[in-house]
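Trainee: I'd like to learn how to read a structure like this one. Can we go through a few features together?

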Amino acid sequence: MPRIATSSISKHRNFPKIMPQKKAIITGITGQDGSYLSELLLEKGYKIYGIQRRASLPNTYRVDHLYDNVEDPNFNMMYGDLSDSSNLVRVINAVKPDEIYNLAAQSHVQISFDKPEYTVNVNALGPLRILETIRNLQLPIRYYQASSSEMFGKVLEIPQNESTPFNPRSPYGLSKVFAFYITKIFRDAYNIFASNGILFNHESPRRGFNFVTRKITLGLARVKLGLIDKISLGNLESQRDWGHSKDYVEAIWKILQHHEPDDFVVGTGDTHSVREFVEEAAKNLGIEIEWQGTGLDEKGVDKKTGKVLVDVDPIFFRPTEVAFLQSDSKKARAALNWEPRIDFKELARIMVEADLQYAEEEARSHRPIVTQKRYNINGSKRKPL
């Protein structure tokens with residue numbers, strides 16, 4: 001079971017004993033953002049009801065430390081699925097929450113090309129099912145929809161703000177565009193307090209293992225300890241506006257506390273390439289990366305030893321790439337009094353330190369490291385765009 005990096009809340013902490021002022025449903029609660037948002041809302045006295053999909057193996061390690069009073073818990077979990085309307089009706093009607101934070105999604109862009117129908121069913125129709133339930137039950141619920149910078153896709157202007165046209169380049173991005181607009185439509189048509197948060201890339205030690213930032217920090221930590229020889233990545237030139245999830249869930253909460261429903265871009269405004277993230281992560285491990293070669297033959301080499309630590313594998317390229325994303329979050333900063341606290345260098349340092357501890361535990365326990373190889377159904381090598 002993965003070791004979870006927790007914040008100031010621990011399983012030994014006593015949560016507020018007074019009756020919580022608000023009840024919140026969080027979908028996607030077992031994910032990175034769901035766990036950080038849960039911690040924040042518990043600190044604020046909420047009673048939380050998390051919806052999790054049933055899995056054959058436990059997947060709650062990010063939130064297990066949040067269980068408190070068994071007799072009258074502030075943190076509750078229940079089974080549910082965004083593809084099941086009847087389940088959503090029962091859950092929402094039973095809890096009658098003040099707020100719903102819809103964070104659940106098939107959130108991996110690359111996988112959305114492999115599973116486009118499932119991605120759209122969950123990411124696009126899931127929000128519609130929740131909004132229809134709120135409308136039919138006529139409950140005064142405030143609804144948050146997790147939108148994504150991937151909606152901007154092949155960007156039509158730099159930087160991107162709330163007025164930038166969408167131009168998605170993946171089934172994931174397109175599914176999020178539908179969810180964004182159906183949220184706006186239900187807000188205008190049915191007077192539902194429904195808001196979108198267009199979050200740019202946000203990471204942490206709780207990020208999934210198959211996301212590029214985590215592949216880099218955990219992979220290089222394993223390389224440092226001699227557990228593996230190198231890591232393989234896709235497009236090194238992709239540039240993203242990376243922040244820390246813990247900062248962004250504060251913005252999510254503030255969006256629903258705003259005096260009126262609205263849509264907000266949330267990001268740092270500071271853009272870096274995958275290549276730069278590799279270099280920064282390596283620095284925190286005492287390694288200086290030197291790049292040799294070009295294109296698919298490019299290698300990241302340890303300048304001191306000459307050993308190849310990073311190579312490029314075309315299987316990790318997307319069929320259509322998003323080259324550059326940069327947020328303009330002035331509206332959120334002014335209206336919500338929000339701003340990110342953790343910058344790019346600090347983010348890389350935090351993730352590397354956590355993953356170095358994780359890799360050290362792997363080394364001590366002789367835990368086998370399984371590197372899954374994605375099978376290319378097309379049977380052909382992808383080339384960078």
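Trainee: Is Lys230 buried, partly exposed or exposed?

Mentor: Before we start, keep in mind that this is a predicted model. For burial, look at the relative accessible area: buried means under 20%, and exposed means over 50%. Lys230 has 38%, so it is partly exposed.

Trainee: Which residue does Lys230 form a salt bridge with?

Mentor: Its partner is Asp311, and the closest N and O atoms of the two are 2.7 Å apart. This pair ties together distant parts of the chain: Asp311 belongs to strand S15, while Lys230 sits in the loop between helix H6 and strand S8, 81 residues apart. Asp311 counts as buried because its relative accessibility is 11%.

Trainee: How many salt bridges are there by this rule?

Mentor: The count comes to 21. Another one joins Glu237 and Arg275, with 2.2 Å between the closest N and O atoms. Here too, distant parts of the chain are linked: Glu237 is in the loop between S8 and strand S9, and Arg275 is in helix H8, 38 residues apart. Arg275, at 15%, is buried, whereas Glu237, at 45%, is partly exposed.

Trainee: What separates Arg349 and Glu346 along helix H10?

Mentor: About one helical turn, because they are 3 residues apart in that helix. Their side chains meet in a salt bridge of 2.4 Å, N to O. Arg349 is partly exposed at 26%, and Glu346 is partly exposed at 29%. Salt bridges can also link up into a network, as Glu150, Arg240 and Arg318 do.

Trainee: At what angle do helices H8 and H10 pack?

Mentor: When you look at two helices, check the angle and the distance between their axes. H8 (residues 274-283) and H10 (residues 344-365) pack at about 60 degrees, with their axes 9 Å apart. That angle makes H8 oblique to H10, and their crossing is right-handed. On the H8 side the contact is made by Glu276, Phe277, Glu280 and Ala281, and on the H10 side by Phe344, Lys345, Ala348, Met351 and Val352. These residues divide into 6 nonpolar, no polar and 3 charged.

Trainee: Where does Ile29 lie?

Mentor: In the loop between strand S1 and helix H1. Leaving aside neighbours within four places in sequence, its contacts include Ile48, Val63, Phe75 and Met77. Ile29 and Met77 are 48 residues apart in sequence, yet 8.7 Å apart in space, C-alpha to C-alpha.

Technical notes: Residues numbered from 1 in each chain as written. Predicted model: local features only at pLDDT ≥ 70, side-chain atom pairs only at ≥ 80, totals over all residues. Heavy atoms only, no water. Axes fitted to C-alpha atoms, helices over the stretch in contact; angles between N-to-C directions. Helix = DSSP H or I, 4+ residues; strand = E, 2+ residues; numbered from the N terminus. Parallel < 35°, antiparallel > 145°, perpendicular 65-115°, else oblique. Left-handed = near helix turned anticlockwise from the far one by under 90°. Contact = heavy atoms within 4.5 Å. Nonpolar A, V, L, I, M, F, W, Y, C, P; charged D, E, K, R; others polar. Salt bridge = Lys/Arg side-chain N within 4 Å of Asp/Glu carboxyl O. Buried < 20%, exposed > 50% of the residue type's maximum accessible area, 1.4 Å probe, protein only.
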